[in-house]
Structure formats: structure tokens, C-alpha cells
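Hi there,

Here is the structure I promised to send over. Have a look at it first, and then read on for my notes.

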Amino acid sequence: MAGAGGKTRQAARSSGGVMLIASILVLSVRSFARAQDFGYDGAKGPSHWGEQYNSCTGKHQSPININSLDVKKVNLPPLVFHGFDVAPKETNLTNNGHTVFVTMDSEVTPTVAGGPLSGVYEYSQLHFHWGDNDTFGSEDMIDNHRFPMELHIVFFKQEYQNARTALNHPDGLTVLAFFFEIAPEDNPMYAEFIELLGNVTESHQSARFDVPPSLKELIAEDLLHYYTYDGSLTTPPCSEVVTWIDFKEPILLSHAQVQAFRALQDEEGHPLTHNFRPVQPLGDRVVLFNTDEMIKEVDLDKDLPPEAGEGVDTNKLDTPIKAAGVGSQSAKDPNDRKHPRNGAPFPSVNHWSLLTSAMVVVTLLFQSTIE
Ligand SMILES: [Zn+2]
């Protein structure tokens, strides 16, 4: 067929193109179907994930047990949060059969930078992991202690455009993780959230918030003390592309509020009573703990005397972080708050604001597979 005429070659090219597109579609559908094909028990359980997903047997997997006596204390540059205090235009809650996740359409897409991160990371979605009762449910453990629930707020590195392509880069994602603890009283910030869980009991159901919460309203106040390490997605495909940032201060929910998550159902209509992966070996990794105590071993102020060390000495940055509007859960007016733009070794907030405002928020089907 090498000597075939132009028309034949054109037809061949054209049909080749159609086949290529068809193949891509088939592959996409297949990979999506595969990505959904996992569970937490029996033949689909975590010990079998590696049979279909090579990365799940990798050496830098998550979750891990963090031994607080074996972490390296550091003074990292301040984390810079942007858009965390802005209430989205629309926020939706979806049960995907593995967890319940939240997507938002906001004029200001939340971003996080600084700390252990290089570059700016953009909000993708948030979701939860929990257990059959209040004595376990979190994925990462601290000193062999499991918390009843854990929140994962997933961000992709802005230069990689979206969460899907970010999976191809070792620094593609960061997850802000918050543990939960049981309190005697309901947490009012989660009131509508918990109410909406009743509307998404079955897999693939979605519900819309009447009053979309800002991210700040859903997280803890202390954003200075955190553990950080390099790990993976905790669900297939287990890609080792996640910078984990686990905040020390837990979020408080009542027993009844946590219990509401256990009423959700998986794809087969069974109660989704647990959805956490067992801890994985730490291997050669070192977990860092960010503290506001000055760490002498970290020679950050070698060339900068303390009085000239703004942006390096995290004690000094303590104040702007707390004044940054990501701390107080009671403040409601986004205009009340300022961001720690001074001293942070990152682009100005306004600059990123323009960029992020210009971006259209697209809820990718893929989002539901990053858990
Ligand atoms: Zn997760």
C-alpha cells in the first residue's frame, strides 16, 4: 500500500485519526472505570490495589504513621493562603461511592503557596475519610493514634493546568490534611454540610449548598504548626506526587456529625462505614514538623541578623499569618481580612488574584478519583 494515491493516503490518515480519537476515548473511559474500581474490603480492598495499579506498591506511599519524636523540626517560610475566606458562588457535595467530595465555583479560586511548596497550587476538591466508629478513621496517624475522621483538601500545581496532568509530575499535588476530634457540641460551621449528607446517601447523588462555606470556615485555626512529607494519593492510582501538609490542630465535630458520614452508601448500596487506607512504610523519608520555635540547626539567619530577617524568622511571621484571615473561624466578612503578603517570598496576592480570577472553574470528572 506504500504506493497508494493521495486520496487513499488522505482517507487512511483520516480514518487513522478517527481511530486514534476512538482509542483515546476508549482508554479514557477504561481508565476512569478502572479508577473507580476499588474498595476498602475483600477482593477490591487496599491489599489488592497493587495488582492493577503499580504505584500502589511504591516506596513513598501514603498514609503513614508519623512518630512525633522522630520528625525534623523546621522553620519553613510561611504558608500563603489566598481565597480561603471567599464564599464561593456555588458549592456542591457529591457522593462518588468512595467518599463525599466538595467542588466549588468561585470568583476567586483558592490557592496555597509557601511552606514546603515551590510554586502556587490551585484548589481542586475536598473530601473525607472516616471509620466505623469514633476510635479510628483517619488515614495518617500521629504516634499510632488514629483520629475519627480526616479532611483532604486537594490542590494541583497551577503550572500543570489541572489535577489530571499534575499526576504526571512528582510535585503535581499538595493535600492540606486536617484531623477531626469529637466534641460534645455540634460544630455550627458544618451544620449545612451535615444536613446535605442526607441528600447524597446514594452513590452519584449530588446536593447544592444554600450558603456555600468558605474553605476557612471548614478548617482549623492554627495553620502554622504542621507535619509535611512527600507521599502519594491514598487511593488508586496511588501516584507518588503529593506534598502532604498535615495540620496539628484538629477540627472539632460532635459524634452525631461524624456519624452522619457513616450513613452514606457505596456503589453497591452498602453502608460506606470506612474508607481509609492502612498506613504504609515510611521508608527513607523524613517527616518535617513546622514550628514557630526557633530551630538553631536550621541556619536560616546566617546572612540575615534577626532584626533584618523578616520573611525568614517565622516568629515574626506568626503575627501576619494569624492576621491573615485564615485563622479566625468567627469572622464572616472577607473584606475584614488581609493576607500575609509582606515578607512572603512569593508573588503578590493581587497578581495571583488576577490570574486565578481569569480562570474558569471546570469540574472534571477526574476529580472524583483523587482521594
Ligand atoms: Zn483523601
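How many helices and how many strands does the chain have? There are 8 helices and 14 strands in the chain. Please keep in mind that this is a predicted model.

For the overall picture, the chain has 371 residues, and 42% of them are buried. Among contacts with a separation of 6 or more, 73% are between residues 24 or more positions apart.

I also looked at two residues in detail.

Let me begin with A207, which sits in strand β11, residues 206-208. Is A207 buried, exposed or partly exposed? A207 counts as partly exposed because 19 C-beta neighbours lie inside 10 Å, and a residue needs 20 or more to be called buried. Leaving aside residues up to four places away in sequence, A207 touches N92, L93, L196, N199 and V200. As for F193, 14 residues from A207 along the chain, the C-alpha atoms of the two are separated by 9.7 Å.

The other residue is M294. Where does M294 lie? You will find M294 in the loop that runs between β14 (288-290) and α7 (314-322). M294 is partly exposed, since 14 other C-beta atoms are within 10 Å, and the exposed class stops at 12 or fewer.

Best wishes

Note on methods. Residues are numbered from 1 along each chain as its sequence is written. This is a predicted model: local features need pLDDT of at least 70, side-chain atom pairs count only at pLDDT 80 or more; totals for chains, interfaces and linings use all residues. Helices (H or I, at least four residues) and strands (E, at least two) are DSSP runs, numbered from the N terminus. Two residues are in contact if their C-beta atoms, placed from the backbone, lie within 7 Å.
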